[in-house]
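I opened this notebook to keep track of what I looked up, chain by chain, and in what order. The entries below follow that order.

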Amino acid sequence: MRADLPACLTAGLEARPSWRIPLDERDIAVRLECDGVTDTVAAHTYGFRDVHDMASEWYGQLHAAQEGDLRTPPRKNLLVEHIRGTAFALPLAICCVVMICFGYSLWGGDLDGSAAAAVAIGVVASFIVTGGIVQAMAWQGLFYAGSGDFRMSAVACRRWTGYGGIILASAAVAALLFNAQFGWLSGELAWLAASFCIAMGALWIGTGILYIVEAPLHVTAATVYGITVVFILHRALGMSLLESQILGVLTAALAAFLTGFLILRKRHTGDASRVYPRMVRQTIFQTAPYLVYGSLYYLLLFADRIVAWTAQTGAAETPVVFRGDYELPHDIALLGFIIGVGWVHSACRSFYDRVGVLLRSCDLEKTQWFNNRMLEFHLRQIAIFLPVAYAVNAIIWFSAQSFGLLATPLTERVALIALAAFPLLTVGLWNVSLLFALSLPWAALPPAICAVLVNLSCGYTLSRIWSYDLAIFGFLAGSAVFCIASSVSVQRRFRRLDYYYLVSGA
Amino acid sequence: MAATVLLTTEGTYPYFTGGVSVWCDQLIRRLANTRYHIFAIVPSPKHPLRFELPGNIASCRPFPLWGTSLPGLQTGRVASTVKRAVETTEEVIEDRFLPHFRSMLRAFLVQGSPVEPLAAALVGLQIYFETYDYAATMQSRIAWSTFLAACRSWLPAGRRPNLEEATACMRWLIRYLGILAVPHPSVDLVHASMTGLAGLPGVISKLRHGTPYLVTEHGIYLRELYLALSRTDYPVNSRRFLLSLNEAIVRTNYRYADTITSLGDFNRDWQIRLGAEASKTMFVPNGVDTERFGLAPERRPARLTVLTLARCFSLKGIDVLLEAIHLVRQRVPGVLFRILGERADPEYYNQCLSIVEKHQLHSNIEWGETDDPAGALNEAHVFCLPSISEGMPYSVLEAMFSGCPVVATDVGNVASVLAGTGLLVRPKDPAGLSDALLKLLDGPEAVGLRSRLAEAALRRAHQHFTADACAQSFDDIYSRLSLCEQISQPV
């Protein structure tokens, strides 16, 4: 008997996975019609007046039938997510390791004091100048990619690359003019700094595109490729280290651009989507917080170095003195930060997973229950992360000591404080990621501004009164402020997370 | 003076191909003295124009529901957007927005609510959004709290969404209602090419300015929504919300439309069942451009060819056709099936490919797209449409004009179009479909039957389904409604 029934009714009776509870009698009627049950068939084959009469009869039997399995989004493996997050920081780790092993890397190395200062200025400037560009490009590129519009994602990357090029060139010209007026660096060193700023800036924008296409290993490949070019030019062909490095960085940047755009092109091949016109004012308005935050973040990361490099310069040729003994422990501490960045990635994923689970189990009467659970989740994540991060940093500290990398009390002090600061910075980074996930980029600015101001003022005061290496306390204080202020900001939003979550996806 | 018409579409003309788009294009080109403003609701801003716009289109405004960073209309004028957002204070929202919003939510959540309060709320909301910012209002805390309170108050316990479903529902609402923030030009008549969201400008213009409002339904909006919802993975309460929201909007469309045209009895019965007044409904069948589609028997190839012109997605029943081909091929091994149309659903297309692989049908099938359906029909011996849902498919009409006998499923208005001049089968029935195809492909009777059906279909098509006749019918309706307007007042 059942075999003769239309497929839609059989599906309901047998509660097949494809079965969906009918919303009303008309719903059943439509399904019957799609199974070929016309009024005539309903009358002659099944003995009803018409399809709607048949639907009405069957709705009574089927409306409470078991729903077929609904696909719930698969939960991602957090370890894999952690590794993915870390993978984006892998190139930095490779550079650090190569530097420690060979004395130079894609940039930096055993350079004479003034050249090292020029390179350092160029590298730090590249981070600060392009940090905002990369953030804004990532936001727009990921927004389009998230809506399946890969053509516009590619267009956004292309446009931001153009804006980045203009801003980098303008910053370099402005810095050269400034230097010509005030004579901080010699002409040659100023050009060196500008060249590194442009080359490194290009590399950051290129790796930003690889971030948008989620290709962390390609970032690593581009970095390794750049390092190889430096080795070939410097060791095999005898070119000067600085020239080799500029060419190596430019090559790596080119590789990153080509790979990124090729991947984007592959994704939108055959897609006839429209390319939207440039709306410069609207774009600036929408991306302003990302632009500002990106630069603030790198200022926070490097402010203490700038403070240290400019403190107690005494009889030096330039007002900026590169401090290798300040830099090395900072780089060592950076290794712990790389692991922390992986946690940020996986913690963001577990935020989404947790939100999904709690939202599904929350009645409308219990929205505050949902918010409270997520408040607890946020604090719990931090409470778990900080001890683990400090334990990892302790291992790094003892390892560095056993390898004799922390040879002087100064390097020991800087490493200790930097290792204390980076986990706090990581927590701040996670908080900002959460604010971005909730489409609240403006909320990320006050903590970042406060942190930069505290970093600069604290580091400046201590380094000018006592010793340049005390600038590291500015970094610690800035990171602590960033951690606390951003946590407060997140907690404030999480108290009404149901609302902010709604708006973030609307 | 030429009449000015606001023609509203959703997911069709001029950004997508398909039957409704062809109808729009034909109508606009044939009524060259009518000036059209097009308001096209599209899923996202990425869709390029798929039709060349004729000179009598005065303006064309796409409205993307999704894919923009903010809901509502994106003007690109930052200063005015900021000014409006600043003026949209919590007090303003509470005093001027919430009363209409609550009234609208009640109509959406309480099934069978009268449509008049909803219509009044829609008008109130549109007036509000003329002054205040859409995104700032709809994304305000107070709007969200009101939505949650409305769900708690007006939905029975078992049908109340959980917080995840409520979030999804409110997000839909935020995106859909953006239509209310779009200003429209002053026109003589609003013509909606379907009910649902595309009908809202017509309802509001009718109420605010007394503008005549004409609805043309090719399919049945709500019926297609039922179908779509039965295939989604949305939780049941989210599906209920979408249905209830759209049902309220469709009923409002029917209530305020002056005339509702449909393509045949099947659609009209559904319209009346869904609340349309029978006296407002009338038939205007689709029509085909007779200069493009005609007989060319000399182009028929030696190899027996069956043509299907359809976009490849589940409602077109291509999977059923492939199963039928497997059966047909056992009797007619050399037959070629050409399946031409955009691959609208890649997942479904892959599913079809797996059927081809399973039965090793490669040598009997040609996939592709065509810009020349007339040529493709002239090169086919039989036309087959295996859909599980249709309004009045253009491809069947075009086959009739091309002298290509039709085998189609008995869905929508297909039976009334063919009226015995083609073979009808039940949908989702591969055996039935293969039997019908074999009648026209195999055996001594096949050639004669093809010829008889083609001649009868051609005669019928010329009598009832020309594009000129279709356009003339709408011209008459425009004239009649415009005359009525001269003596009517805003409702």
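Predicted model: local features only at pLDDT ≥ 70, side-chain atom pairs only at ≥ 80, totals over all residues.

**Entry 1: chain A as a whole.** For chain A the mean pLDDT is 88, and 96% of its residues reach 70 or more. Among the elements of this chain, helix 5 (residues 78-102) of chain A has the lowest mean, 76, while helix 16 (residues 471-494) of chain A has the highest, 97.

I then looked up the extent of the C-alpha trace of chain A, which spans about 105 × 45 × 45 Å along its principal axes. Of the 506 residues in chain A, 52% count as buried. Taking the contacts in chain A with a separation of 6 or more, I noted that 78% of them are between residues 24 or more positions apart.

**Entry 2: domains of chain A.** The domain assignment divides chain A into domain 1 (2-62), domain 2 (78-83 + 320-506) and domain 3 (103-278). Between the C-alpha centres of domain 1 and domain 3 of chain A I read a separation of 62 Å.

**Entry 3: one residue, A:Asp325.** I located A:Asp325 in helix 12 of chain A. Leaving aside neighbours within four places in sequence, I found A:Asp325 in contact with A:Thr408, A:Leu410 and A:Thr411. I also compared A:Asp325 with A:Tyr276: the two are 49 residues apart in sequence and, C-alpha to C-alpha, 51 Å apart in space.

**Entry 4: where the chains touch.** The contact between the chains takes 44 residues from chain A and 44 residues from chain B. On the side of chain A that touches chain B, the elements that give two or more residues are helix 2 (25-34), helix 11 (280-310), helix 12 (324-360), helix 13 (367-402) and helix 17 (497-504) of chain A. By class, I counted 21 nonpolar, eight polar and 15 charged residues on that side of chain A.

**Entry 5: domains of chain B.** For chain B the assignment gives domain 1 (4-283) and domain 2 (297-465), and their C-alpha centres lie 36 Å apart. Contacts between them involve 14 residues of domain 1 of chain B and twelve residues of domain 2 of chain B. On the side of domain 1 that touches domain 2, helix 11 of chain B gives the most, with three residues.

**Entry 6: strands in chain B.** I followed strand 12 (residues 406-409) of chain B, which runs parallel to strand 11 (residues 382-385) of chain B and is joined to it by three bridges. Strand 12 of chain B also pairs in the parallel sense with strand 13 (residues 423-425) of chain B, again over three bridges. Which residues stand opposite B:Val407? I found B:Cys384 opposite B:Val407 on one pairing, and B:Leu423 of strand 13 of chain B as its bridge partner on the other.

Side chains in a regular strand alternate between the two faces of the sheet. In strand 12 of chain B, B:Val406 and B:Ala408 point one way and B:Val407 and B:Thr409 the other, and all are buried. Last, I noted that strand 11, helix 15 (residues 394-401) and strand 12 of chain B make a right-handed β-α-β unit.

Notes: Residues numbered from 1 in each chain as written. Chains lettered and ligands numbered in written order. Contact = placed C-beta atoms within 7 Å. Helix = DSSP H or I, 4+ residues; strand = E, 2+ residues; numbered from the N terminus. Nonpolar A, V, L, I, M, F, W, Y, C, P; charged D, E, K, R; others polar. pLDDT = per-residue confidence, 0-100. Domains from an automatic or database assignment. Buried ≥ 20, exposed ≤ 12 C-beta atoms within 10 Å, placed from the backbone. Pairing = 2+ DSSP bridges. Right-handed = clockwise from strand over helix to strand, strands pointing away.
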